[in-house]
Amino acid sequence: MLGFRGYIFSRTIDSNFIPQRVQNLVVKDYCERCNLFFKLSATEYKMSNSYLMFNSVMKEIKKIEGIIFFSLFMLPDNKKDRYKIYDKIILNKKELHFALEEIKLKKKNDIQKIENIYQIKKNSKKL
């Protein structure tokens with residue numbers, strides 16, 4: 001069984017600090033409810049804009065079924081970087097899940113829904 005790699009942060013997510021233990025519990029619960037085989041989570045470094053651990057997970061993408069982020073607000077702020085992730089997931093016929101929001105990306109049609117939610121949240125902070 002290939003399974004899904006969890007992905008959690010050591011830094012704030014959408015201006016909130018969520019302990020790693022809580023993030024892992026949410027990811028694990030999501031996997032159980034969706035009947036997905038959960039592999040241990042990769043934990044991103046605390047440094048701002050660091051995606052070293054995520055890039056490491058992406059290198060093993062052919063050996064797993066997909067990645068489960070704790071939240072979609074862990075995606076890079078740069079739209080071009082987000083689309084690189086989406087494209088690589090779709091190209092490799094994998095899945096990208098966001099446990100907190102209970103959303104998944106499996107095909108190109110799923111991108112717009114994720115981007116709409118991402119942009120609404122980011123734009124609402126500017127008000």
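The face of helix H3 turned away from its buried side carries Lys80, Lys84 and Leu91, which are exposed. Here "exposed" stands for over 50% relative accessible area, "buried" for under 20%, and "partly exposed" for anything in between, using a 1.4 Å probe and protein chains only. Helices (H or I, at least four residues) and strands (E, at least two) are DSSP runs, numbered from the N terminus. Before going on, a word about the model: it is predicted, so local features need pLDDT of at least 70 and side-chain atom pairs count only at pLDDT 80 or more, while totals for chains, interfaces and linings use all residues. Residues are numbered from 1 along each chain as its sequence is written, and side-chain values use heavy atoms, with hydrogens and water left out.

Back to H3. Its 13 residues reach 18 Å from the first C-alpha to the last, close to the 18 Å expected at 1.5 Å a residue; the expected span is 1.5 Å times one less than the number of residues. Arg82, Ile85, Tyr86, Ile89 and Ile90 are the buried part of the story in H3. Looking down the axis, these buried residues fall within an arc of 125°, so they line one face of the helix. The arc is taken from the directions that run from the helix axis to the C-beta atoms. What do the buried residues of H3 pack against? The partners are H2, E3, E4, E5 and H4, with contact meaning heavy atoms within 4.5 Å. At the start of H3, a side-chain oxygen of asparagine 78 comes to within 2.8 Å of the backbone nitrogen of lysine 80. Just after the helix, lysine 93 has a positive phi of about 55°.

Helix H4 (residues 109-124) can be read in much the way just used. With 16 residues at 1.5 Å each, H4 should span 22 Å, and its end C-alpha atoms are 24 Å apart, which agrees. Asp110, Ile111, Ile114, Glu115 and Tyr118 are buried in H4. They cover an arc of only 125° around the axis, which puts them on the same side of H4. Asn109, Lys113 and Ile120 sit on the other side of H4 and are exposed. The cover over the buried residues of H4 includes helix H3 (79-91), strand E4 (95-98) and strand E5 (103-105).

Next comes the nonpolar core, a set of buried Ala, Val, Leu, Ile, Met, Phe, Trp, Tyr and Cys residues joined through side-chain atoms within 4.5 Å. In soluble globular proteins, nonpolar side chains tend to be buried together. The largest core has 37 residues, of which Tyr7, Ile67, Phe69, Leu75 and Leu96 touch the most other members. At least two residues each come from strand E1 (4-8), helix H1 (20-34), H2, strand E3 (66-69), H3, E4, E5 and H4. H3 gives the largest share, four residues. Setting aside neighbours within four places in sequence, leucine 96 is in contact with residues including Ile67, Phe69, Ile85 and Tyr86.

Serine 50 lies in the loop between strand E2 (38-43) and helix H2 (52-59). Is serine 50 buried or exposed? Serine 50 counts as buried because its relative accessibility is 6%. Its side chain joins that of glutamate 44 through a polar contact of 3.2 Å.

Finally, the structure holds zero disulfides (a disulfide is a pair of cysteine sulfur atoms within 2.5 Å). The sulfur of cysteine 34 is 7.5 Å from the closest cysteine sulfur, in cysteine 31, which is too far for a bond. Cysteine 31 is buried, at 2% relative accessible area, whereas cysteine 34 is partly exposed, at 35%.

How values were computed. Polar contact = N/O pair within 3.5 Å; in protein donor to acceptor, adjacent residues only side chain to side chain.
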